[in-house]
Each structure stands twice: as structure tokens, then as C-alpha cells.
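Please have the sequence and the structure open while I talk.

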Amino acid sequence: MLSPFRGAELTGNIAPTIQTERLVLRHVRAADVDYFADTQSDEEIMRHLGGTLSREDSWRRALTGAGLWGVLGVGLWAVDRQTDGRTIGQIGFFDFQRDMNPSIAGQPEMGWIFSREGQGQGFATEAGRGALDWFDKTLGPQVIPAIIDIKNEPSMRLAERLGFERQPDGTYRNEPIAIFRREPR
């Protein structure tokens, strides 16, 4: 049976707004459909994430991540630049009950995707630190896994900057997958 993560009942039904030095992490809104459609139809961005998605599927995925807040007390944030309000990424915590070996079901998996415009400027690291700080303060110390395509070296470096350590690789959808783990803080 799926249950919220320890302390998750405190978070409510929508993503809390987090402000970092240059970013705002906020709940997904209807106006975000173009950002999700554009980002998740980009072959370069999605090559390590199972391939491109249609507008419909990218929006459905965004709504799933946003809806997790009401079910699990964690979910997806849209990431905006403070200077111009432009959405440049998405980041969050999930439990998709993935059929993988070893299992991470029941753990608050962390994941992220950033548009080309949001890459290479430290935005993902800043957003990740903001999300992890919120998690630690709100939900307390817990193991947090992240799964990353074994060829996605930039994402692996980000995971390491965020304090994740690589574990032995696993298998997801009959393919090898890199598993990272952040120990409780």
C-alpha cells in the first residue's frame, strides 16, 4: 500500500514556493503547457529520458507530478528565473512505484529536467539545493534515490554536486540504469 513519506502530511495539496538567489520553484500552472511541450519534445534534452513526448503526453506528465503533492505530499516544481519569470526547468520528488531492480518504491526519488536555456549556468544545482533544503527541513532526514541514464554524464555530475553517491547500477525497463543515493542529513 502506498503511503505518504514521513512528514508529508504537513505539505498540503500544492507545491510550496521556494525562492533561491536566482530562481523561484513553484507549483505547475496551466500557462506552463508550452514550456513542458517545448522542453519534452526536444530530442537533445530527452535523449536520456526515454525519448521525446507529444504535447499531450508532456502535459500529462507535468500534471501527474503536480498532482502528487495532494497524494504524497511531494511532487513537481516548475523552476522560473527571477530576472524575467521564464520557466527554465522542473524538479521534484516522486514515487512512481517503478518496476526496477533494485526497487526504490516507497522512497522519495528525486528528478529534474532543464531546458537548453536553463543548462550550463548552475540553475539546476541551485534549484536542487533549494528543493533538498526544503525536503530536509519539512520532511526530515530520509534516503533519497535518483535514477539516471548511464550515458547522462551531466545529470550524474549534478547528482554528485547535490550530495548523491553512485550505487551499483540497476535495471529499469530491461536496460541498465545508474542509481544514486543521498543519505539522510
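Let me begin with a question: which residue in β2 is the bridge partner of Q19? It is V24. Before I go further, please note that this is a predicted model, in which local features need pLDDT of at least 70 and side-chain atom pairs count only at pLDDT 80 or more, while totals for chains, interfaces and linings use all residues. Residues are numbered from 1 along each chain as its sequence is written, and side-chain values use heavy atoms, with hydrogens and water left out.

Turning to the loop between α3 and β3 (76-81), we find G75, which is buried because its relative accessible area is 0% (buried means under 20%, exposed over 50% and partly exposed in between, with a 1.4 Å probe and protein chains only). The C-alpha atoms of G75 and G65 are separated by 5.1 Å, although the two residues are 10 apart along the chain. If we leave aside neighbours within four places in sequence, the contacts of G75 (heavy atoms within 4.5 Å) include G65, W69, F93 and F94.

Two of those contacts, W69 and F93, also belong to one aromatic cluster together with W77, W134 and F135. The whole structure has 10 aromatic pairs, where rings of Phe, Tyr and Trp (its six-membered ring) pair if their centres lie within 6.5 Å, with planes under 30 degrees apart called stacked, over 60 edge-to-face and the rest tilted. The pair of F36 and W59 is tilted, because the ring centres are 6.2 Å apart and the planes stand at 55°. This pair links distant parts of the chain, F36 lying in helix α1 (residues 33-40) and W59 in helix α3 (residues 55-72), 23 residues apart. F94 and F96, by contrast, are stacked, because their planes are at 15° with the centres 5.0 Å apart. F94 is buried at 9% relative accessible area, whereas F96 is partly exposed at 36%.

F94 and F96 are also among the residues lining the largest cavity, as are I104 and E109. A cavity, on a 1 Å grid over the protein atoms alone, is a set of points where a 1.4 Å probe fits but cannot get out; a pocket is an open set with protein on both sides within 12 Å along at least five of seven lines, and lining residues have an atom within 4 Å of a point. This cavity has a volume of about 30 Å³.

The largest pocket has a volume of about 1500 Å³.

Definitions and conventions
Points joined across faces, edges and corners; volume = space filled by probe spheres on them. Helix = DSSP H or I, 4+ residues; strand = E, 2+ residues; numbered from the N terminus. Pairing = 2+ DSSP bridges.
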